[in-house]
Amino acid sequence: MGTPKSVPSFDPALEGRLLAVQRKIASRVMLEDRFSLASVAGVDQSFVDDVVISAAVVLDPECSVLAEASSRQRTSFPYCPGYLFFREGPAAIKAVRALPFRPGLLFIDGCGINHPRRAGLASYIGVILDLPTIGVSKSVLCGSFDLPQAVGEAAPLRHEDSLVGYILKSQKGCRPIVVAPGHRISADSALEVVRCFLKDHKLPEPCRLAHEHARRLRVDLLRAGEAAL
DNA sequence: GCGACAG
DNA sequence: ATCTTGTCGC
């Protein structure tokens, strides 16, 4: 038996506005390569009820940490597949803006153009900040593909007759990850770049370190909470 | 009508 | 995402 997953359901008027926003974002997405690998930031979120904690960790090409920043704020928007930006986006953007400089590329935990309306979290953040972004996720929201077998192998992810990303077998014993362009980068380049930042883990270093940092901040917040009691 | 469904 | 024990493998 399994627990039913949340179902997307909004007030018609609200949904209309959300879809309009996504249409606008999708129309502004650029897939031409216009990024730099001098500084690559991973961005990820953790939660404590409706408090969103976002962490950004910037690495150089050798994966040395160049900078870190974070943000924390409440959200009233529920998790709903296809509308992730409205829940996690604001906090993520705030964390990136808190960095001491603008990274040459962002690795975002979530979809890019591999989204029903080509407006995943990564595309959204890329367009809003006018920064190159790649969406890295652990499961597929939409699209069809063949499972890659050997470690290092990638298979194209297609949705509505177009290539929207790749399914990459990043590590043995792990389910493959999903790599897709968010903004200002092509699908092929996104795959190539992610491979460059892949070490001995399932996720590329920027994502792994950002995830680690976000979780550490979550523990800190929980401990601060019980200390206040 | 019945599933599927980023984090 | 988060909640959680033990367990399989390098």
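Phe10, Phe77, Tyr83, Phe85, Phe86 and Tyr124 are linked by ring pairs into a cluster; rings of Phe, Tyr and Trp (its six-membered ring) pair if their centres lie within 6.5 Å. This is a predicted model, in which local features need pLDDT of at least 70 and side-chain atom pairs count only at pLDDT 80 or more, while totals for chains, interfaces and linings use all residues. Residues are numbered from 1 along each chain as its sequence is written, chains are lettered from A and ligands numbered from 1 in the order in which they are written, and side-chain values use heavy atoms, with hydrogens and water left out.

A pair of aromatic rings is described by the distance of the centres and the angle of the planes. Planes under 30 degrees apart count as stacked, over 60 as edge-to-face and the rest as tilted. The structure holds 8 aromatic pairs. In one of them, the ring centres of Phe85 and Tyr124 are 3.4 Å apart and the planes stand at 5°, so this pair is stacked. Phe85 belongs to helix α2 (residues 85-97) and Tyr124 to helix α3 (residues 121-129), so the pair ties together parts that are 39 residues apart in sequence. Helices (H or I, at least four residues) and strands (E, at least two) are DSSP runs, numbered from the N terminus. Phe85 is buried, with a relative accessible area of 11%, and Tyr124 is buried at 3%. Buried means under 20% relative accessible area, exposed over 50%, and partly exposed in between (1.4 Å probe, protein chains only).

Phe107 and Phe197 form an edge-to-face pair, 5.8 Å centre to centre with 75° between the planes. Phe107 lies in strand β4 (residues 105-109) and Phe197 in the loop between α4 (187-196) and α5 (205-228), so this pair ties together parts that are 90 residues apart in sequence. Phe107 is buried, with a relative accessible area of 0%; Phe197 is buried too, at 3%.

Strand β4 is also part of an open sheet of 8 strands, in the order β3-β2-β1-β4-β5-β8-β7-β6, with mixed pairing. Two strands pair if DSSP finds at least two bridges between them. The edge strands, β3 (65-74) and β6 (154-159), each pair on one side only. On average, neighbouring strands of this sheet are turned by 25° against each other, direction ignored; axes are lines fitted to C-alpha atoms. Strands β7 (residues 162-168) and β8 (residues 177-183) run antiparallel and are joined by 3 bridges. The bridge partner of Leu168 in β8 is Ile177.

The last topic is the DNA. DNA strand B is surrounded by 16 residues, the closest being Tyr79, Gly82, Leu84, Cys111 and Lys138; a residue is near a strand if one of its heavy atoms lies within 4 Å of it. Of the atoms of DNA strand B that come within 4 Å of the protein, 47% belong to sugar and phosphate. The residues of this surface divide into 8 nonpolar, 6 polar and 2 charged. Here Ala, Val, Leu, Ile, Met, Phe, Trp, Tyr, Cys and Pro count as nonpolar, Asp, Glu, Lys and Arg as charged, and the others, Gly among them, as polar.

A side-chain N or O atom of Ser139 is 3.3 Å from a phosphate oxygen of DNA strand B. Gly120 sits in the loop between β4 and α3 and is buried, with a relative accessible area of 2%. The C-alpha atoms of Gly120 and Leu84 are separated by 7.4 Å, although the two residues are 36 residues apart along the chain.

Methods: A polar contact is a pair of N or O atoms within 3.5 Å; within protein, one must be able to donate a hydrogen and the other to accept it, and residues adjacent in sequence count only if both atoms are side-chain atoms. Axes are lines fitted to C-alpha atoms, for helices over the stretch in contact, and angles run from 0 to 180 degrees between N-to-C directions.
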